[in-house]
Amino acid sequence: MTAPTPPALLIAGHGTRDEAGAEAFRSFVRELGRRHPELPVAGGFIELSPPPLGEAVAELVERGVRRFAAVPLMLVSAGHAKGDIPAALAREKERHPGISYTYGRPLGPHPSLLRVLERRLGQALEGTGWDPAEVTVLLVGRGSTDPDANAEVHRAARLLWEGRGYAGVEPAFVSLAAPDVPSGLDRCARLGARRIVVLPYFLFTGILPDRVREQTRAWAEAHPEAEVRSADVIGPEPELLDLVWERYEEAAKGAVRMNCDACVYRIALPGFEDKVGLPQQPHFHPDDEGHDGHGHGHHHGHTHPHAH
């Protein structure tokens, strides 16, 4: 008796108007395909850049794929991962009768990614002679109107701090959530930090990581009493390739474990009580400089609104 054919791998990305960032995603998908020639691999974006997710699904269907596992190439579970991707996949299932899929979970904060972040910090400190015990790190996430997603950035900051010897790791956000980058740097300074590394919690380059770097530069110019360095994004590191494959295997085996303990769509969190049980609404992120409309869908068995 032959073993069943494993499902194909579909990678779902945010999308960006930054061509270098979009190409980094496409190159990452191609590298996954080279690593796993036994498996059809495709990738697409929810918005802003080609190819769209629907085109990636159509590509797999044209290659004879009937089953696939979708992995969101995202660090936190916010509006895209909770709503937009499930909605898009549900729409593709209607377009291509007979296909089936399982859905994986976002990537962070996985220990292997924390190791990459630590490496980026080390690179930023090269040549400074700074003692890590005197360095405060500002970890800057994308930012969301979803408190659970923002809390995941705080969790990543704490996990990055544990056992690594830095004076502290503070979280901040580049859009939609407080503290923003200048406020986060102000907080570091008020805590006594004089040597700060700003670390973008992003997979690839793009408009928002560029904004983090520019805001960091402007703050540093206005605060000459502090020494400030900027670190690089995570990038297409081997750890990221391995982690996406790990998420694929979880989804392919039906072993995905979603964290819904603080999901604003299930639990009445203070100030967000009106979101519980609302139907899906189209997503819009004001800092993405435009968006495409998406269909409706479900997040692991419950109807949720977008709240990115």
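This is a short talk on a predicted protein model, from its overall fold down to a few single residues.

Okay, ground rules. Residues are numbered from 1 along each chain as its sequence is written, and side-chain values use heavy atoms, with hydrogens and water left out. As this is a predicted model, local features need pLDDT of at least 70 and side-chain atom pairs count only at pLDDT 80 or more, while totals for chains, interfaces and linings use all residues.

So how confident is the predictor? pLDDT is its confidence in each residue, from 0 to 100. The protein chain has a mean pLDDT of 87, and 83% of its residues reach 70 or more. Over residues 289-308, though, the pLDDT is below 50, and that stretch still has 80 contacts in the model beyond near neighbours in sequence. A contact means heavy atoms within 4.5 Å. Where pLDDT is low, the predicted coordinates should not be read in detail.

Now the overall picture. The chain has eight helices and eight strands; these are DSSP runs numbered from the N terminus, with helices being H or I of at least four residues and strands being E of at least two. Of the 308 residues, 53% count as buried. Buried means under 20% relative accessible area, exposed means over 50%, and partly exposed is in between, using a 1.4 Å probe and protein chains only. Among contacts with a separation of 6 or more, 78% come from residues 24 or more positions apart.

Let's go inside. A nonpolar core is a set of buried Ala, Val, Leu, Ile, Met, Phe, Trp, Tyr and Cys residues joined through side-chain atoms within 4.5 Å. The largest one here has 52 residues, and Leu 9, Ile 11, Leu 73, Leu 139 and Val 244 have the most contacts inside it. Apart from it lies another core, of 19 residues, including Val 65, Leu 89 and Tyr 103.

Is Glu 170 buried or exposed? It counts as buried because its relative accessibility is 15%. Its contacts, leaving aside neighbours within four places in sequence, include Arg 187 and Cys 188.

Last stop, the backbone. Most residues other than glycine have a negative phi, and most peptide bonds are trans. Here, a cis bond joins Gly 108 and Pro 109, with omega about -10°, and another joins Ala 178 and Pro 179, with omega about 0°. Pro 179 is in the loop between strand 6 and helix 6 (181-190). Leu 176 is found in the loop between strand 6 and helix 6 too, and has a positive phi near 70°. At 33% relative accessibility, Leu 176 counts as partly exposed. Leu 48 has a positive phi near 80°, and is buried at 15%.

Terms used: pLDDT = per-residue confidence, 0-100.
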